[in-house]
Amino acid sequence: GDRMEISNINGNIDVIRAAGRTAEVSVTKIVKKGDGSMVKAIMEEGGSGMHVCTIYLNQDPNRRTCKGDNNTGKDRGRDSFEVDMRYTVRVPAGARLTVDDVNGNVTVTGADADSKINTVNGDISFDGIGASTLETVNGKVIGSFSGAAWDGTMSVETVNGSVELTFPADLSADISGEMVNGSVSSVFPITIDKGWGPKSFNGRIGAGGRKLKIETVNGAITLKKR
């Protein structure tokens, strides 16, 4: 029931299920340019879980917290640097997951509790029982769900990329979708409640219930069966 939060800036994040009850975070630092000591990973523990983040020290060499300015140092003359931090995370069963990245792909396998996955420039690949948020800006979202067990609304969004979601054959959900330049393809029959337009739809799969919201600007929406 506790939450594992991972925050990164440059580099991929891969999350898998831990074999036991211990969470593990491994970070590989790749220094492409400049002083790699200006970038580090730290851990903060709180009452509801743990937060592991990437921090930049060029603004404050004594910084020891995830809160603060992460100026990457690019285009700053002699102070410029470029460092990738690549995370491999093992999360125990039942732990809730929050991932925030800026420049990197996020892959999650075996998530069995509430997940919030965000990146800006990268793809999202998610395998689990459901998520409250799967969002990127420049990238595609691919989700495979072993069950439809999320609470409330699952929001799946991108701007420049496609959305491909695979669900069990007995899926029931209230679904809404929006797209500007793209198409919709679904193997699930959708009962339209509020009309079907060229760029949006609102309807119901099966008996409805859980809410599924899908949005993209430049890309297709595809719903598949497992």
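Strands here are DSSP runs of E with at least two residues, and helices are runs of H or I with at least four, all numbered from the N terminus. This is a predicted model, where local features need pLDDT of at least 70, side-chain atom pairs count only at pLDDT 80 or more, and totals for chains, interfaces and linings use all residues. Residues are numbered from 1 along each chain as its sequence is written, and side-chain values use heavy atoms, with hydrogens and water left out.

**The cavity**
- On a 1 Å grid over the protein atoms alone, a cavity is a set of points where a 1.4 Å probe fits but cannot get out, and lining residues have an atom within 4 Å of a point.
- There's one cavity of 30 Å³ or more by this rule.
- The largest cavity holds about 90 Å³, a volume being the space filled by probe spheres set on points joined across faces, edges and corners.
- It is lined by 16 residues, with Val91, Ala95, Gly110, Ala111 and Asp112 closest to the centre.
- β2 (13-17), β7 (96-100) and β8 (106-111) each give two or more residues to this lining, and β8 gives the most, with four.
- By class, the cavity lining has nine nonpolar, three polar and four charged residues; Ala, Val, Leu, Ile, Met, Phe, Trp, Tyr, Cys and Pro count as nonpolar, Asp, Glu, Lys and Arg as charged, and the others, Gly among them, as polar.

**The pocket**
- A pocket is an open set of points with protein on both sides within 12 Å along at least five of seven lines.
- The largest pocket takes up about 240 Å³.
- Asp2, Ala23, Met50, Pro92 and Ala95 are the closest to its centre among 17 lining residues.
- The elements giving two or more residues to the pocket lining are β1 (3-7), β4 (39-46) and β5 (49-56).
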